[in-house]
Amino acid sequence: NKMAVKDEPEEKERAENVPQRGLSAPEKRSLVLILASVFFWFMGYNAVTTAFSKYARAYWGLTGGAFAYTLIIAQAAAICAYLPVAALSQRIGRRKTILCGVMGLTLAFGAAVFFRSFNYGMFALFALAGISWAAINVNSYPMVVEISKSGDVGKYTGYYYTFSMAAQIITPILSGLLLEHVGYQTLMPYATVMVAISFVTISLARHGDNKPEPTKS
């Protein structure tokens with residue numbers, strides 16, 4: 001026991017003296033692309049969730065709280081999808097799972113553009129949106145942490161939440177200006193474009209996945 005007590009400070013001192021390796025240029029590029037993706041898919045998704053009640057009343061003519069069922073279905077679908085999505089990401093990797101989620105979210109919002117009035121088909125679209133959002137959320141933060149080093153997890157967590165929260169602050173203002181000055185028909189196209197941009201950025205990221213990268217010859 002005395003030896004264990006004596007060795008512990010020495011091991012701690014050695015661990016503290018190990019230099020932290022900085023990110024390589026490709027890793028930095030992947031980090032920027034992942035953070036940009038986080039920004040854009042939050043810009044799209046939160047624009048819809050923020051303005052959906054007004055959109056449903058003004059554009060679809062729904063009265064009362066009927067619109068709430070659509071959002072509830074999206075949330076319920078997301079909750080049910082978390083565990084299956086986590087299992088899927090273990091099989092095909094985080095980035096591919098996120099790409100599937102971004103495609104599903106783009107499809108859901110893009111198809112909603114053509115609904116000029118409320119239809120029960122919206123329940124299916126928002127269920128797809130909820131599942132897709134789960135696929136994105138389960139894997140996006142771990143991708144950022146995967147790139148970070150053990151001593152920098154807090155810093156990279158800060159990067160993630162800076163970009164996600166910035167999007168949630170900016171998008172109600174930007175989408176709100178479009179709704180007010182152009183019309184409520186702009187909400188779904190706006191969300192579709194923002195999420196589609198995130199597909200491009202995340203597809204270019206090459207680090208942060210949970211699948212081992214192929215060795216270079």
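Trainee: Is Tyr156 buried or exposed?
Mentor: In this predicted model, Tyr156 is buried, because its relative accessible area is 6% and the cut-off for buried is under 20%.

Trainee: Which helix is Tyr156 in?
Mentor: Tyr156 belongs to helix α6.

Trainee: And which residues does Tyr156 touch, leaving out those up to four places away in sequence?
Mentor: Tyr156 is in contact with Leu23, Leu31, Val144 and Ser148. As for Leu31, 125 residues separate it from Tyr156 along the chain, yet their C-alpha atoms are 9.3 Å apart.

Trainee: What about Arg91, buried or exposed?
Mentor: Arg91 is exposed, because its relative accessible area is 68% and exposed means over 50%. Arg91 sits in helix α3.

Trainee: Let me change topic. Where is Asn46?
Mentor: Asn46 is found in helix α2.

Trainee: Why does Asn46 count as buried?
Mentor: Asn46 counts as buried because its relative accessibility is 13%, and the limit is under 20%. Beyond its neighbours within four places in sequence, Asn46 is in contact with Gln168 and Thr171.

Trainee: What is the shape of α2?
Mentor: Helix α2 bends by about 60° at Phe52. With 34 residues, α2 reaches 48 Å from its first C-alpha to its last, which is close to the 50 Å expected at 1.5 Å a residue.

Trainee: What does Phe52 touch, not counting residues up to four places away in sequence?
Mentor: The contacts of Phe52 are Trp60, Phe67, Thr70, Leu71, Phe126 and Met188.

Trainee: How many residues does the largest nonpolar core have?
Mentor: The largest nonpolar core has 52 residues, and those with the most contacts inside it are Trp41, Phe52, Trp60 and Phe109. Two or more residues of this core come from each of α2, α3, α4, α5, α6 and α7. Helix α2 gives the most, with 16 residues.

Trainee: What else is there in the way of cores?
Mentor: There is a second, separate core of 5 residues, with Ala78, Ala81, Ala134 and Ala135 among them.

Trainee: How many helices and strands does the whole chain have?
Mentor: The protein chain has 7 helices and 0 strands. Of its 217 residues, 41% count as buried.

Trainee: How much of the contact pattern joins residues at least 24 apart?
Mentor: Taking contacts between residues at least 6 apart in sequence, 83% join residues at least 24 apart.

Trainee: And what is the accessible surface?
Mentor: The accessible surface of the chain comes to about 12,000 Å², and 64% of that belongs to carbon and sulfur atoms.

Trainee: One last topic: what is the mean pLDDT of the chain?
Mentor: The mean pLDDT is 87, and 86% of the residues reach 70 or more.

Trainee: Which helix has the lowest mean pLDDT, and which the highest?
Mentor: Helix α1, residues 2-17, has the lowest mean pLDDT at 48, while α7 has the highest at 97.

Trainee: Where does pLDDT stay under 50?
Mentor: It stays under 50 over residues 11-19. For residues 11-19 the model has 0 contacts beyond four places in sequence.

Note on methods:
Residues numbered from 1 in each chain as written. Predicted model: local features only at pLDDT ≥ 70, side-chain atom pairs only at ≥ 80, totals over all residues. Heavy atoms only, no water. Core = buried A, V, L, I, M, F, W, Y, C linked by side-chain atoms within 4.5 Å. Buried < 20%, exposed > 50% of the residue type's maximum accessible area, 1.4 Å probe, protein only. Helix = DSSP H or I, 4+ residues; strand = E, 2+ residues; numbered from the N terminus. Contact = heavy atoms within 4.5 Å. pLDDT = per-residue confidence, 0-100. Expected span 1.5 Å × (residues − 1). Bend = angle between axes of the 7 residues up to and from the residue. Areas by Shrake-Rupley, 256 points an atom, 1.4 Å probe, with all protein chains shown as cover.
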